[in-house]
Amino acid sequence: MIKYFYRDGEETKYKVFPSDNPKSKRMFSHIACWQCNGTAHLPHYAHIDNGVCYTCKGHGAHRAQVWTKEQVEKLLEKDKIKNEKFLKDQEDRKEEILAAQEKRKEEEKIAEEKRLAEIEDKFAKQEYIGSIGDKIELEVKVVFSKTFDGYYGQSTIYSLEDNKGNSLVYWQSGYGKFPTMEKKEKDGTLLFYSPPKGEKFLIKATVKDHNVYENNFGKTKQTVLARPKNIQDVDKQHWQDIGTWK
Ligand SMILES: [Zn+2]
């Protein structure tokens with residue numbers, strides 16, 4: 001009786017049969033299911049469908065092509081040659097591969113150094129506004145505002161910018177109220193609404209702190225404000241005079 005083998009050289013213990021296609025000379029057998037190890041059952045899934053293995057649908061085995069000893073030895077020999085050729089090729093190109101890796105590493109290092117230098121350069125050009133405790137009056141632009149839900153309730157952060165691009169920040173407890181825009185309706189009702197990004201204000205505030213905000217993309221000198229007041233309507237003349245945005 002002829003012995004048949006799987007592609008890896010292991011002999012099949014199962015019955016061997018020809019292909020369904022009468023023109024094909026290929027031979028088939030079965031191979032134990034890798035999921036249930038040929039048992040067709042998965043004990044840890046006993047509570048579902050009595051633990052029938054879904055991978056082999058309870059057959060315990062899968063169909064697999066098989067070869068005679070002579071055929072499989074030829075295939076394995078081909079694999080060996082192919083593998084040796086691959087290894088030799090890798091060995092021959094070792095210098096080239098290493099050089100390419102080195103070059104890439106060096107390029108990445110240069111790019112990272114450049115990125116960090118740019119961050120430092122930008123940081124050096126930034127300025128804190130006023131001294132801590134100062135009462136200041138200045139024009140600001142809204143970069144963003146965001147309301148967070150925290151342990152003590154809501155708080156809103158306002159990220160602002162002066163006309164030189166220096167960063168200011170104000171934390172407010174509760175939903176964002178500052179800076180508000182006012183709009184008087186025809187019937188006299190006063191409406192307040194939060195400003196969109198880019199909106200400009202003239203404010204009075206106290207400088208509470210100077211700190212550095214840092215993340216993966218850069219670092220920023222921040223002037224932290226306390227008790228800011230939008231004085232746009234308090235001193236309209238001043239507001240108009242100050243319109244110096246670039
Ligand atoms: Zn199975």
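**Notebook: barrel, sheet and core of a predicted model**

I began with the barrel, which five strands close in the order β5-β6-β7-β11-β10, with mixed pairing. From one strand to the next, I noted an average twist of 40°. The coordinates belong to a predicted model, and I kept that in mind for each entry below.

Entry: I looked up how β5 and β10 meet. Strand β5 covers residues 135-150 and strand β10 covers residues 200-215. I found the two paired in the antiparallel sense over seven bridges.

**Entry: the open sheet.** I then turned to the sheet of four strands, which is open and has the order β1-β4-β3-β2. Its pairing is antiparallel. Which strands lie at the edges? I noted β1 and β2 (17-18), each of which pairs on one side only.

I followed the pairings of β4 in turn. Strand β4 (residues 61-68) pairs with β1 in the antiparallel sense over two bridges. Phenylalanine 5 stands opposite tryptophan 67 in β4. With strand β3 (residues 27-32), β4 pairs in the antiparallel sense over six bridges. Here I recorded isoleucine 31 opposite histidine 62 in β4.

I also checked what lies against this sheet. Helix α1 (residues 69-92) lies across β1 and β4, and I noted that it runs at about 90° to β4.

**Entry: the nonpolar core.** I asked which residues form the largest nonpolar core. I listed 11 residues: Ile129, Val140, Tyr158, Leu160, Leu168, Tyr170, Phe201, Leu202, Ile203, Ala205 and Leu225. At least two residues of this core come from each of β6 (153-161), β7 (167-173) and β10. Strand β10 gives the most, with four residues.

I took alanine 205 for a closer look. Leaving aside residues up to four places away in sequence, I found that alanine 205 touches Ile136, Leu225, Ala226, Arg227 and Pro228. Of the core members, Leu225 is one of those it touches.

**Entry: the chain as a whole.** I counted three helices and 11 strands in the protein chain. Read along the sequence, I wrote the pattern as β-β-β-β-α-α-β-β-β-β-β-β-β-α. Buried residues make up 10% of the 246 residues. Among contacts with a separation of 6 or more, I noted that 49% join residues 24 or more positions apart.

**Entry: confidence.** I closed with the pLDDT values. The mean for the protein chain is 85, and 85% of its residues reach 70 or more. Where is confidence lowest, and where is it highest? I found the lowest mean, 42, in helix α3 (residues 236-241), and the highest, 96, in strand β1 (residues 4-5). Over residues 233-246 the pLDDT is below 50, and beyond near neighbours in sequence this stretch has 10 contacts in the model. Where pLDDT is low, predicted coordinates should not be read in detail.

Note on methods: Residues are numbered from 1 along each chain as its sequence is written. This is a predicted model: local features need pLDDT of at least 70, side-chain atom pairs count only at pLDDT 80 or more; totals for chains, interfaces and linings use all residues. pLDDT is the predictor's confidence in each residue, from 0 to 100. Two residues are in contact if their C-beta atoms, placed from the backbone, lie within 7 Å. Two strands pair if DSSP finds at least two bridges between them. Axes are lines fitted to C-alpha atoms, for helices over the stretch in contact, and angles run from 0 to 180 degrees between N-to-C directions. A nonpolar core is a set of buried Ala, Val, Leu, Ile, Met, Phe, Trp, Tyr and Cys residues joined through C-beta atoms within 7 Å. A residue is buried if 20 or more other C-beta atoms lie within 10 Å of its own, exposed if 12 or fewer, and partly exposed in between; C-beta atoms are placed from the backbone.
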